[in-house]
Amino acid sequence: MTTITEHTSNCCIDDVIHDKVMTLEEPYLQVQFLCKTCRGKMFFSKLCLFPFLPPLEVKTKFYNSEKSDLFLEVQIQNISSSTVFIQKVSLNPPEMYTGEELNTINQAGEDECTFGTRTFLQSMEERQYLYYLKLKQEFSEKAGIIKGLTEMGKLDIIWKRNLGEMAMLQTIQLERKAPVYGNMKLSLEKIPDTVIIEEPFHIICKIMNCSGRKMKLVLKTYDTDSIRWCGNSGSYLGQLRPGSSLCFTLTLLSLKLGLQVISSIKITDKVLKKTYVCDDLAKVCVIPSMVKMKN
């Protein structure tokens, strides 16, 4: 507040006003001028807006897994000319998921941050965070029919420029475009890490009906040079309502060593007479048997 007793004609008043930005919203300053003249009191007010850019640039990217779980990569870069101290980075997942941080390592039985005790970012320095979002069991049916852009919670970053100052909260709203699966989605629920050559092993598959109508599904499998399917081909899987899913177990064996591709699966919808082909369902590592290795 500045008080001037007299303000002559064609005279200018210069004043410097100091203020501190306390929020990441667009700050504004309201300037008021009150004076008395021979005509009475006069009042003048002006609203000044100041664009404010936070010093941290945040980029996010979602990665899909074979199941409905997700991985979130967060890249934080200090784009200002001064050092920024990061107090905390936390993820608030949406209702359908539970979040887990993957930014710690176990040292001598204790979890330590992968960045150590260093909490500041120099100018143009960047840091990456990784999170795991696991789909809750009660939302497994709903996840397959979500389409378009969906809200995926928010990311809160607490930072400050200098030690001793009040910290600022920067919130990033997370969004993700759901992948398009078509009418049906086939995924793996369980598969062994390694299998022995020419010995049968089991895999558990899951089919989800992503369409808006009922399906009647028939499963057929075809042998390849490296994979042999066990059991009868052409089995009837049953009816599948819109948005629902079913799991089934397949038995197969590998005739070749190394990393082999599980493929040649065809699922036919008897309602529309449409066949869905899965040529690259998964890969499995095939190792020799211990008996053959000893011989």
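Two strands count as paired if DSSP finds at least two bridges between them. Strands are DSSP runs of E with at least two residues and helices are runs of H or I with at least four, both numbered from the N terminus. This is a predicted model, in which local features need pLDDT of at least 70 and side-chain atom pairs count only at pLDDT 80 or more, while totals for chains, interfaces and linings use all residues. Residues are numbered from 1 along each chain as its sequence is written, and side-chain values use heavy atoms, with hydrogens and water left out.

**Whole chain**

Start with the protein chain in cartoon view: 2 helices and 23 strands make up its secondary structure. Switch to a surface: the accessible area, from the Shrake-Rupley method with a 1.4 Å probe, is about 19400 Å², and carbon and sulfur atoms account for 52% of that. For contacts (heavy atoms within 4.5 Å) between residues at least 6 apart in sequence, 65% join residues at least 24 apart.

**Strand 11 and its partners**

Select residues 149-160, which form strand 11. Strand 5, residues 84-92, pairs with strand 11 in the antiparallel sense through 7 bridges. Show L91 here and find L155 of strand 11 opposite. Next select strand 12, residues 168-177, which runs antiparallel to strand 11 and is joined to it by 9 bridges. In this pair, K154 is opposite Q173 of strand 12.

Zoom in on strand 6 and strand 10 (residues 126-135), an antiparallel pair with 5 bridges. E100 is opposite Y132 of strand 10.

**Charges over rings**

A charge sits over a ring if NZ of Lys or CZ of Arg is within 6 Å of the ring centre and within 35 degrees of the ring normal. Select R127 and F115: R127 lies over the face of F115, 4.5 Å from the ring centre. Then select K266 and Y222, where the charged end of K266 is over the ring of Y222 at 4.9 Å from its centre.
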